[in-house]
Amino acid sequence: TLHGQAVIFGKIEEQIWLENQQNGKLQPASITIFSDNFFQKDANILVVPDEQGFYNIQLPLLLPMPVIMEYNNRRLQLFLFPTDTLQLSFNAADLVKPLAIQGSGTFCNAPLIAFQQRYYPPDVEAELSFKRETTDRNSYFGLCEDMYILESTFFKGELQKQIYPQAFTN
């Protein structure tokens, strides 16, 4: 049974236009939402913004869960409760650095977004990959451990600022 429907909506500034493979016309690039939960087997949700860049995503949820929003080859991890409303406006160049975030979903997502802005996984992986090639094995493992400590300290510090729902902190 459905417990609720989370809603993510907003505006994409300077949105990207792509050629439609069937008719050759330009259309706005789509946003993809997919579950980041092993037990959630629902299909991806694909939404095409309107010509002005506005979008509205209805996400049926049984339980609170992590989801991933993807646009322009950038991914943003979010955590949504079945009744959340999250207004998220961003520039097409970087989904991870929203221009505005508001709504009932802001409480848990603000620290997640702050974390990803500071430690965006593909950027961290690229940095570590470069350092792996330029350092010895022990130094590289030390860098990985240092990064893990920095990430953990940042997120634990954010979680201590407020009392968050248990579904989010687990």
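Two strands pair if DSSP finds at least two bridges between them. Helices (H or I, at least four residues) and strands (E, at least two) are DSSP runs, numbered from the N terminus. This is a predicted model, in which local features need pLDDT of at least 70 and side-chain atom pairs count only at pLDDT 80 or more, while totals for chains, interfaces and linings use all residues. Residues are numbered from 1 along each chain as its sequence is written, and side-chain values use heavy atoms, with hydrogens and water left out.

**View 1. An open sheet is built from 4 strands.**
The strand order is β6-β1-β9-β10, and the pairing is mixed. β6 and β10 are the edge strands, each pairing on one side only. Direction ignored, neighbouring strands of this sheet are turned by 15 degrees against each other on average. Axes here are lines fitted to C-alpha atoms, for helices over the stretch in contact; angles run from 0 to 180 degrees between N-to-C directions. In a regular strand the side chains alternate between the two faces of the sheet.

**View 2. V7 has partners in β6 and in β9.**
Strand β1 covers residues 4–13, and strand β6 covers residues 54–61. The two run antiparallel and are joined by 8 bridges. Here V7 has Q58 of β6 as its bridge partner. Strand β9 (residues 85–91) pairs with β1 in the parallel sense, over 5 bridges. In β9, T85 stands opposite V7.

**View 3. β9 also pairs with β10.**
This pairing is antiparallel and has 3 bridges. S89 has its bridge partner, A100, in β10.

**View 4. Y55, Y71 and F90 make up one aromatic cluster.**
Rings of Phe, Tyr and Trp (its six-membered ring) pair if their centres lie within 6.5 Å; planes under 30 degrees apart count as stacked, over 60 as edge-to-face and the rest as tilted. How many aromatic pairs does a search of the whole structure find? There are 3. The ring centres of Y55 and F90 are 6.2 Å apart and their planes stand at 55 degrees, so this pair is tilted. Y55 sits in strand β6 and F90 in strand β9, so the pair links distant parts of the chain, 35 residues apart. Y71 and F90 form an edge-to-face pair, 5.5 Å centre to centre with 65 degrees between the planes. Y71 belongs to strand β7 (residues 65–71) and F90 to β9, so this pair ties together parts 19 residues apart in sequence.

Buried means under 20% relative accessible area, exposed over 50%, partly exposed in between (1.4 Å probe, protein chains only). F90 has 0% relative accessibility, so it counts as buried. Y71 also has 0% and counts as buried. V96 lies in the loop between β9 and β10 (100–102). At 1% relative accessibility, V96 counts as buried.

**View 5. K11 lies over the face of F54.**
The distance from the ring centre is 5.4 Å. A charge sits over a ring if NZ of Lys or CZ of Arg is within 6 Å of the ring centre and within 35 degrees of the ring normal.

**View 6. Helix α1 lies across β9 and β10.**
Contact means heavy atoms within 4.5 Å. The helix runs at about 145 degrees to β10. Buried residues of α1 include C108, L112 and F115.
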